[in-house]
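Here is a short briefing on helix packing, nonpolar cores and aromatic contacts. Look over the sequence and the structure first.

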Amino acid sequence: MRHPSRAPDRELTFTSFYAAAYPDLVRFVQRRAHPDHVDDVVAEAFLVVWRRLDALPPSPDDARAWAFGIARHVLLNARRSEQRRSALRVRLAQVPPELPGDPAADGVATRVDLATAWHRLSETHQEALALVVFEDLDATRAGAVLGISPIAFRLRLSRARQALRGHLDHLPARTPAPADLTERATTP
């Protein structure tokens, strides 16, 4: 419950800290991140500062270092997310073909379709599917990773599976393989 008399103090504390720490925090992140990501990282760091404002150290130098630590964690989380996405792309490309018929042609087509459908999924759906398929986590553990209940995770996973099926169903039909065209051309 929000205490009405604390809200202005809280906002004033945050505003003062923001004005004092923003330039230093931007420089800290600029030295560690791609220029396109600096604003996002700083914004997310200040969001964490806002949420954890009760833990703001009273000393300005300590508070500055504390904010740097938060920004560092935001950067590490962003790198881990990018590494997971990259690893998933590699693993998707390595999915062995399991369809009957021409294994080489069908396998490639399946991988391309799956990769296309995967890229059309939202990050939330990709994360839910990845935790189950690639990380082999059950709903309880996957929910813990995401900070949600197992029931909420099962619902998210169900929606992700449905979205993936929907994307696979709406891909354009495959064109006939070149071997089929050759047979028709030589048949009288």
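How many aromatic pairs are there by the ring-centre rule? The count comes to 8 aromatic pairs, where rings of Phe, Tyr and Trp (its six-membered ring) pair if their centres lie within 6.5 Å. This is a predicted model, in which local features need pLDDT of at least 70 and side-chain atom pairs count only at pLDDT 80 or more, while totals for chains, interfaces and linings use all residues. Residues are numbered from 1 along each chain as its sequence is written, and side-chain values use heavy atoms, with hydrogens and water left out.

**Aromatic rings**

- Planes under 30 degrees apart count as stacked, over 60 as edge-to-face and the rest as tilted.
- Y18 and Y22 form a tilted pair, with centres 5.2 Å apart and planes at 35 degrees.
- Both residues lie in helix 1, 4 residues apart, about one turn of the helix. Helices here are DSSP runs (H or I, at least four residues), numbered from the N terminus.
- Y22 and F46 are stacked, at 6.2 Å centre to centre and 25 degrees between the planes.
- Y22 lies in helix 1 and F46 in helix 2, so this pair ties together parts 24 residues apart in sequence.
- Ring pairs link F14, F17, Y18, Y22, F46 and W50 into a cluster.

**Charges over rings**

- R10 lies over the face of W50, 4.5 Å from the ring centre. The rule asks for NZ of Lys or CZ of Arg within 6 Å of the ring centre and within 35 degrees of the ring normal.
- The charged end of R32 sits over the ring of F28, 3.8 Å from its centre.

**Nonpolar core**

- The largest nonpolar core has 24 residues; F17, L25, V29, V42, F46 and V49 touch the most other members. Such a core is a set of buried Ala, Val, Leu, Ile, Met, Phe, Trp, Tyr and Cys residues joined through side-chain atoms within 4.5 Å.
- Helix 1 (7-30), helix 2 (38-51) and helix 3 (60-93) each give two or more residues to this core.
- Helix 3 gives the most, with 8 residues.
- F46 is buried, at 4% relative accessible area. Buried means under 20%, exposed over 50%, and partly exposed in between (1.4 Å probe, protein chains only).

**Helix 6**

- A139, A142 and G143 are the buried residues of helix 6 (residues 139-146).
- R141, A144 and V145 are exposed on the other side of helix 6.
- Just after helix 6, G147 takes a positive phi of about 75 degrees.
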